[in-house]
Amino acid sequence: MVIMMSVKPMFSITVVTLSLLLAVLLFAPTSPFSQIPLFSTSQLGRLDIWSVSRMVEWRPCNWWLQGHVPPLPAQSNGYIRVDCYGGLNQMRRDLCDGVGIARLLNATLVLPKFEVAAYWNESSGFTDVFDVDYFIQQLNGFIEVAIELPPEIASKQPYRVNCSKRKGHFDYIESVLPSLLEHRFISITPAMSQRRDRYPQYAKVALCQACYNALRLTRSLEKKASELLEAIPKPFLSLHLRFEPDMVAYSQCEYTNLSPASIKAIDEARGDRKPWTGELAHIWRKRGKCPLTPNETAFILQALSIPTNTNIYLAAGDGLMEIEGLTSIYANVFTKSSLLSGEDFKSMHGNTKAALDYYVSINSDSYMATYFGNMDKMVAAMRAFKGLYKTLFLSRKAFAEFTSQSLTEKELMQALWNAHRDDFIMGRGSALPDCFCEYKL
């Protein structure tokens with residue numbers, strides 16, 4: 001009993017002494033640690049990027065979540081079908097715009113037409129991806145949706161109004177409403193640039209309701225997506241990595257140290273689109289136009305102190321090149337094809353496979369993307385809608401800028417940390433102006 005009582009104070013004194021000594025070593029001006037910034041390397045136990053406190057969040061605005069929309073007019077001006085092209089999330093974006101346009105023009109929405117495209121390995125339509133009954137139910141009171149057309153309309157092809165290439169001060173009431181009133185049944189592809197500031201609030205509300213409350217996967221597809229989500233070891237990071245031959249060719253960027261197979265695939269995809277050379281290539285890269293390679297992505301993840309044993313779900317399509325540059329550093333990488341099997345998965349096409357990536361990404365513990373395309377914007381929006389803010393877009397511009405400055409590896413990692421920390425703090429890169437409002441924390 002006496003021995004136990006005498007050891008305990010000595011142990012406490014020892015712990016306190018060692019703690020004070022460590023504090024002196026860490027913060028003294030002459031300490032070797034003082035020359036390294038607090039968040040310099042993961043070897044010093046730096047917390048990952050998600051541990052940084054945010055100053056800004058984007059949340060769905062109350063004006064559409066709680067807004068009261070006026071009753072729909074008794075008489076519709078006609079029928080609008082939205083023709084959607086591209087990948088799943090581009091088509092989803094066009095559909096959301098189409099709902100807003102139909103409400104703006106007081107038109108009845110016809111179920112959209114999804115492109116059948118060999119380029120995207122695609123043959124699935126809207127009803128193959130989204131729950132139609134749920135879509136109609138959630139839009140009740142916001143807009144009229146027609147599953148079947150009246151006989152006098154159904155016998156005709158819609159009058160095509162191509163808005164997709166129109167930019168600037170394009171206005172649907174001025175440019176499209178006359179065609180709707182004349183032909184009564186039109187099809188449109190929404191414009192790349194629109195004057196949503198001219199929309200009355202009820203049209204904006206319909207757009208937001210469609211995009212964030214009305215689109216749910218079909219039961220069978222959601223079941224498969226849920227199965228995939230359950231199979232991924234937790235917690236996990238969903239990484240949308242883009243380094244496919246067509247994307248690199250389109251970027252007009254040149255890369256060194258790629259495998260012969262990757263170089264051949266890129267050359268075959270280039271066509272007439274030749275890569276920039278000399279000073280133009282340097283300027284182009286510093287503007288952030290060049291896709292990050294898997295190896296460059298892995299380096300940035302390390303700079304952000306993402307542990308190398310992190311479980312990573314690779315949200316990517318077919319044809320991803322140089323994946324070894326990532327998996328040689330981050331070994332716990334999982335894909336759809338590595339976790340799912342069976343004929344139902346093998347028979348999936350571009351849209352349904354993209355839907356799996358989308359579902360997993362909006363439900364992941366964290367999400368990062370090497371690009372800021374349609375999928376990334378939709379995933380960021382839905383994660384914000386669900387209150388999930390561990391979302392970050394890796395900066396190609398920052399990477400190009402800092403790697404051109406002949407920094408040491410430690411300096412480069414610190415610079416990348418600082419750039420992405422500032423983006424995460426201020427919510428930059430994930431601004432959602434149409435249906436979301438900025439909240440200062």
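Buried here means under 20% relative accessible area, while exposed is over 50% and partly exposed lies in between, using a 1.4 Å probe and protein chains only. Before I go on, a word on the source: this is a predicted model, so local features need pLDDT of at least 70 and side-chain atom pairs count only at pLDDT 80 or more, while totals for chains, interfaces and linings use all residues. Residues are numbered from 1 along each chain as its sequence is written, and side-chain values use heavy atoms, with hydrogens and water left out.

Back to I49. You'll find I49 in the loop between α1 (2–27) and β1 (56–60). Helices (H or I, at least four residues) and strands (E, at least two) are DSSP runs, numbered from the N terminus. What does I49 touch, leaving aside its neighbours within four places in sequence? The list is L304, I306, M368, L392, W417, H420, R421 and F424, where contact means heavy atoms within 4.5 Å. Take L304: it sits 255 residues away from I49 along the chain, yet their C-alpha atoms are separated by 5.5 Å.

Two of those partners, W417 and H420, also turn up in a helix pair, in the contact of α14 with α21. The axes of α14 (residues 294–303) and α21 (residues 409–426) come within 8 Å and cross at roughly 75 degrees. Axes are lines fitted to C-alpha atoms, for helices over the stretch in contact, and angles run from 0 to 180 degrees between N-to-C directions. These two helices are therefore roughly perpendicular to each other; on this scale, under 35 degrees is roughly parallel, over 145 roughly antiparallel, 65 to 115 roughly perpendicular, and the rest oblique. From α14 come F299, I300, Q302 and A303, and α21 brings E409, L412, M413, L416, W417 and H420. By class, that contact has 7 nonpolar, 2 polar and 1 charged residues. For the classes, Ala, Val, Leu, Ile, Met, Phe, Trp, Tyr, Cys and Pro are nonpolar, Asp, Glu, Lys and Arg are charged, and the others, Gly among them, are polar.

Let's zoom out for a moment. The protein chain has 21 helices and 12 strands. Of its 441 residues, 48% count as buried. Among contacts between residues at least 6 apart in sequence, 78% join residues at least 24 apart.

Now the sheet. In which order do the 5 strands of the open sheet stand? They run β4-β3-β2-β6-β5, and the pairing is parallel. Two strands pair if DSSP finds at least two bridges between them. At the edges stand β4 (145–146) and β5, each with a single partner strand, so one side of each is left without a neighbour in the sheet. Helix α3 (residues 88–104) packs on the sheet and touches β2, β3 (108–114) and β6, its direction making about 165 degrees with that of β2.

Looking at β2 in detail, 5 bridges join β2 to β3, and I80 stands opposite L109 in β3. Strand β3 is largely enclosed by the rest of the structure, because 6 of its 7 residues are buried. In the other pairing, 4 bridges join β2 (residues 79–84) to β6 (residues 185–189), with S187 of β6 as the bridge partner of R81.

D83 lies in β2 and counts as buried because its relative accessibility is 4%. Leaving aside its neighbours within four places in sequence, D83 is in contact with K113, R160, S187, I188 and T189.

Another aspartate, D171, is found in the loop between β5 (159–162) and α7 (172–175). Is D171 buried or exposed? At 11% relative accessibility, D171 counts as buried. Its side chain reaches the backbone nitrogen of E174 at 3.1 Å, and a polar atom of that side chain lies 2.9 Å from the backbone nitrogen of I173. Beyond its neighbours within four places in sequence, D171 is in contact with V176 and R198.

Notes:
A polar contact is a pair of N or O atoms within 3.5 Å; within protein, one must be able to donate a hydrogen and the other to accept it, and residues adjacent in sequence count only if both atoms are side-chain atoms.
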